[in-house]
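Q: I would like to learn how to read a structure like this one. Where do we start?

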Amino acid sequence: LWAWAMLPVHGDALLAPAGFLVWLALLLGVYAAARALGAAERRSVLAALSVGTTPALLSLVTSSYVDHTVAALFALGAVFLLRAIRGGSPADGLLAVAAAGAGVAVKISAAPILVLSGVVALARLWKRRPEGRLGFRIAVLLAVPFVGAFPYLRAWVEQGSPFYPIPLAV
């Protein structure tokens, strides 16, 4: 994400605005997740502001810190995960898995979120039994997380360890 923000001006001038947009996405995700859990509008705003103004987040809004991106993806994915748990469409589960897969691409510590999202999405897909090709839909659901795995696979092939520079012997 941060490299994309550097492309237009060939420098770091847009990193602070990009960090601010990630912070706004986090606020939106927390607000929407609170609403999905049944909170009133005012309490949802308070929840979003209480998360967004924690010193650990607020002091580093413009610093291009990857944990903000993971938190935003988690919050946005949680909205779809909640919808999938409550009987939403299979697309809700797929979007939750996609957000978690993108989170894993940013930082490997998001892997448990990906596993949880994948289990819920598969359970919803299996329970609902949508019309059409169930096998194809399950294959798409299982393929989405590999978008997040690409940087690790590339590092494994090119450097010999998926967690380069940390060595891994198999």
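A: Buried here means under 20% relative accessible area, exposed over 50%, and partly exposed in between (1.4 Å probe, protein chains only). In helix 6, Asp92, Gly93, Ala96, Val97, Ala99, Ala100, Gly101, Gly103 and Val104 are buried. An α-helix has 3.6 residues a turn, so residues three or four places apart point the same way.

Q: What model is this, and how are residues numbered?

A: The model is predicted: local features need pLDDT of at least 70, side-chain atom pairs count only at pLDDT 80 or more, and totals for chains, interfaces and linings use all residues. Residues are numbered from 1 along each chain as its sequence is written, and side-chain values use heavy atoms, with hydrogens and water left out.

Q: What span should helix 6 have?

A: The expected span of a helix is 1.5 Å times one less than its number of residues. Helix 6 has 17 residues (90-106), so it should span 24 Å; the end C-alpha atoms are 25 Å apart, which agrees.

Q: How many helices and strands does the chain have?

A: Helices (H or I, at least four residues) and strands (E, at least two) are DSSP runs, numbered from the N terminus. The chain has nine helices and zero strands.

Q: What percentage of the chain is buried?

A: Buried residues are 34% of the 170 residues in the chain.
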